[in-house]
Amino acid sequence: MSIRTQVLLWTAQRLSAAVLALCVVVHLVTMIYAVRHGLSAADILGRTRGNYAWLIFYATFVAAVAVHAPIGVRTIVGETFGLRGAFVDVALVVLGAALALWGGRAVLAVFAPL
Amino acid sequence: MGDLGDLGQQYELASKMAILKEPVDTPLAPRLAPLPRTLTVRVWRGAENGGLQQFEVPRLENQTVLDVVTYIQRNLDATLSYRYACRVGMCGSCAMSVNGKARWTCRTHVANVATDDTLEIAPLNNLPVIKDLVTDMAPFFDKWAQAKGQFKGARTRADEFARVLPDSPQRKEVDAAIECIGCGVCYSSCDVVAWNPAYLGPAALNRAWTLVNDVRDTANAPRLAAVAGDAGCHACHTHVTCSERCPKHIAPTAGIAGLKRAVAVAAIKGEL
């Protein structure tokens, strides 16, 4: 992997961390609001379905996770288990794609019925 | 103090020299007298597969850890290997692990580190052990070279001297980082070096940071490429142990953060 790519990965992880910091706070506040106001699943879906603001918010959240997590895991497996190289990088691209896929599916599920 | 061998003689000499310098009413004799107790010292012996050997060393006031090691080598076991040169905190050769923390032993007073009058002295972490307290410093200094820690200028001796104002921002950055003595304490204390053997480490990156801020230097583009990425400044987790333990009170962490900014600017400009 080129030095430029390594630097881009590092930068992407920092930027995605900043996005996640905001998204996690909004998500936690949303959950606390839903619990404290006794919202049922149907109530929640009634507010999220067809709501483009929630679609954009959670799509952004999922995208940030899909970028952030694999880069962090790449560092962790390298430092903890000594696993480095192209095999690890490919596996983590797959992990990022899987997170994006699963997360995207969940976002669509709360925006519109599949 | 004659029974303390060379170290005792050194203390006697030091006390005589102090008498010449200090006012006559200074209570030198009680301050310099040996304390009525001994120090239990466990010292690493052998190479990587060695073990700790215990010694009893007379406890003295104003005694440094290097004094302790020297006493053992001169009076108890002449085969003990260790390094030192200047004994005044300039050369950077006497760093060892003292009770689990890397320190410059010539300037580390026993009174500040010995808990229950015991010391455990071992070679620096993160470096191959040659014998006893002597580590192979080659990997440490090789990384200075990998980080392009050599100055590259464009001027010749026929040119005028470069004028670098003392209060310029870049000169201030250099001043804050330039006093490194290459002791290896930061490198030995760094978790990331332990986890990622390719990591250049705090000292090499600190050196690169001084050159990045040297307005006379002409090799910054390749230097920034050399210090970027998984083995460079981007591997630092900002644990700040290097800055906490640097005996010269340098903050390599700050320099590493500066390198990250410089690399980002270079990447944006397409110079990386």
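Begin by selecting Asp117(B), which is partly exposed because 14 other C-beta atoms lie within 10 Å. A residue is buried if 20 or more other C-beta atoms, placed from the backbone, lie within 10 Å of its own, exposed if 12 or fewer, and partly exposed in between. Asp117(B) sits in the loop between α4 (110-113) and β5 of chain B. Its phi is near 55°, a positive value in a residue other than glycine. Most residues other than glycine have a negative phi.

The model on the screen is predicted: local features need pLDDT of at least 70, side-chain atom pairs count only at pLDDT 80 or more, and totals for chains, interfaces and linings use all residues. Residues are numbered from 1 along each chain as its sequence is written, while chains are lettered from A and ligands numbered from 1 in the order in which they are written.

Next, select the sheet of chain B. Helices (H or I, at least four residues) and strands (E, at least two) are DSSP runs, numbered from the N terminus; two strands pair if DSSP finds at least two bridges between them. The sheet is open and has five strands in the order β2-β1-β5-β3-β4, with mixed pairing. Its edge strands are β2 and β4 (101-104) of chain B, each of which pairs on one side only. From one strand to the next, the twist averages 35°. Angles run from 0 to 180 degrees between N-to-C directions, and axes are lines fitted to C-alpha atoms, for helices over the stretch in contact.

Move to strand β1 (residues 38-45) of chain B. Eight bridges join β1(B) to strand β2 (residues 51-58) of chain B, and the two run antiparallel. They form a hairpin with five residues between them, and Gly46(B) in the turn has a positive phi of about 95°. β1(B) also pairs with strand β5 (residues 118-122) of chain B, in the parallel sense, over four bridges.

Now select strand β3 (residues 95-98) of chain B, which four bridges join to β4(B) in an antiparallel arrangement. Val98(B) has Lys101(B) in β4(B) as its bridge partner. Helix α3 (residues 65-76) of chain B packs on the sheet, touching β1, β2, β3, β4 and β5 of chain B, and its direction makes about 95° with that of β2(B). Two residues are in contact if their C-beta atoms, placed from the backbone, lie within 7 Å.

Continue to His249(B), in the loop between α11 (241-245) and α12 of chain B. His249(B) has a positive phi of about 60° although it is not a glycine. It counts as exposed, because 9 C-beta neighbours lie inside 10 Å.

Then turn to chain A and select helix α3 (residues 52-81) and helix α4 (residues 86-111). They pack at an angle of about 160°, with their axes 9 Å apart. That angle makes α3(A) roughly antiparallel to α4(A), since angles over 145 degrees count as roughly antiparallel. Within α4 of chain A, find Leu101(A), which is exposed, with 12 other C-beta atoms within 10 Å. The C-alpha atoms of Leu101(A) and Ala66(A) are separated by 9.0 Å, although the two are 35 residues apart along the chain.

Finally, display both chains. The contact takes eleven residues from chain B and eight residues from chain A. On the side of chain B that touches chain A, the largest share, three residues, comes from helix α12 (residues 252-268) of chain B.

Definitions and conventions: Parallel < 35°, antiparallel > 145°, perpendicular 65-115°, else oblique.
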